[in-house]
Amino acid sequence: MNRVERHASFGGRQEVWKHTSATLGCDMKFGIYLPPAAVAGERCPVLYWLSGLTCNEQNFITKAGAQEHAARHGFILVAPDTSPRGPGVPNDEGYDLGEGAGFYLNATQAPWAQHYRMQDYVAQELPALIEQHFPSTEQRGIFGHSMGGHGALVTALRHPGRYRSVSAFAPVVAPSQVPWGSKAFMAYLGEDRDAWKAWDAVELIATAQERLPLLVDQGEADEFLAKQLRPELLQQACDAAGHPLTLRRHAGYDHSYYFIASFMADHFTHHAKALG
């Protein structure tokens, strides 16, 4: 691994590292914030952030204002890129497919299957890397925004026991039922819609093996609310399954990082209840 950025922040360090991913077959970057406790050598829990469409590791670390909260709670904060990138990695002209739009799944269709295995990367390869090279415990939480909110929910639901907490901002809760998800799933997973269910939070809630409490924040002025996000579907699924969900809807807030930063402290409090 090579460190490509390092900045002092709230008594800790914000860094960006580059490494070659065996899972994705390309070089990847991730941001990592080391709180003062970790800089001093103390082992700390890790909170993973998954970003949304078009983003890379920079969006969250520069816009969310999360470092202050991570420093206060003593969390290592990891923000990977949203997809594989680089020479030889398939791409698409649309912003919602290909680079910047990995959807945190394992693709099964050509030409995507060789590189687009973001689920294995964020759930297995990256945590192993973090726990090998940084002063972390094996206590993990996960959260994200939009496509990354989908990724956080699905990753936690698919890996019972791996994460102690999960939350999301404006997540794509039912990708099988909305245009963003349908386009990506058709390309990455093929025409068998039954296969899509394994990557859809609303579908997974019904058979979840553990009941991690979900915190979801949604802006009422979000331009994607009615067509792409549809949080009411998650509410219905959780009500039917008896899965604990706190869905908060906020008047006037949109899909931007202004919204995310406004409620970031609440999400850290949510994760702190489980991570200590």
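**Sheet, helices and aromatic pairs**

Strand β2 (residues 12-21) and strand β3 (residues 26-34) run antiparallel and are joined by nine bridges. Within that pairing, H19 has M28 in β3 as its bridge partner. The model is predicted: local features need pLDDT of at least 70, side-chain atom pairs count only at pLDDT 80 or more, and totals for chains, interfaces and linings use all residues. Residues are numbered from 1 along each chain as its sequence is written, and side-chain values use heavy atoms, with hydrogens and water left out.

**Sheet**
- Nine strands make up an open sheet with mixed pairing, in the order β1-β2-β3-β5-β4-β6-β7-β8-β9.
- β1 (2-9) and β9 (245-250) are the edge strands, each pairing on one side only.
- On average, neighbouring strands of this sheet are turned by 20° against each other, direction ignored.
- Two strands pair if DSSP finds at least two bridges between them.
- Helices (H or I, at least four residues) and strands (E, at least two) are DSSP runs, numbered from the N terminus.

**Helices on the sheet**
- Helix α4 (residues 118-133) lies across β2, β3, β4 (44-50), β5 (76-80) and β6 (136-145), and runs at about 55° to β3.
- Helix α11 (residues 257-275) packs on the sheet and touches β4, β5, β6, β7 (165-169), β8 (214-219) and β9. The direction of α11 makes about 170° with that of β7.
- Contact means heavy atoms within 4.5 Å.
- Axes are lines fitted to C-alpha atoms, for helices over the stretch in contact; angles run from 0 to 180 degrees between N-to-C directions.

**Aromatic pairs**
- Rings of Phe, Tyr and Trp (its six-membered ring) pair if their centres lie within 6.5 Å; planes under 30 degrees apart count as stacked, over 60 as edge-to-face and the rest as tilted.
- By this rule there are 18 aromatic pairs.
- W112 and Y188 pair edge-to-face, at 5.4 Å centre to centre with 85° between the planes. W112 is in the loop between β5 and α4, and Y188 is in helix α6 (residues 179-189), 76 residues apart.
- Both W112 and Y188 are buried (under 20% relative accessible area; exposed is over 50%, partly exposed in between; 1.4 Å probe, protein chains only).
- The ring centres of F169 and F259 are 5.8 Å apart and the planes are at 85°, so this pair is edge-to-face. F169 in strand β7 and F259 in helix α11 are 90 residues apart.
- F169 counts as buried because its relative accessibility is 0%.
- Ring pairs join W49, F60, F75, F143, F169, Y253, F259, F263 and F268 into a cluster.
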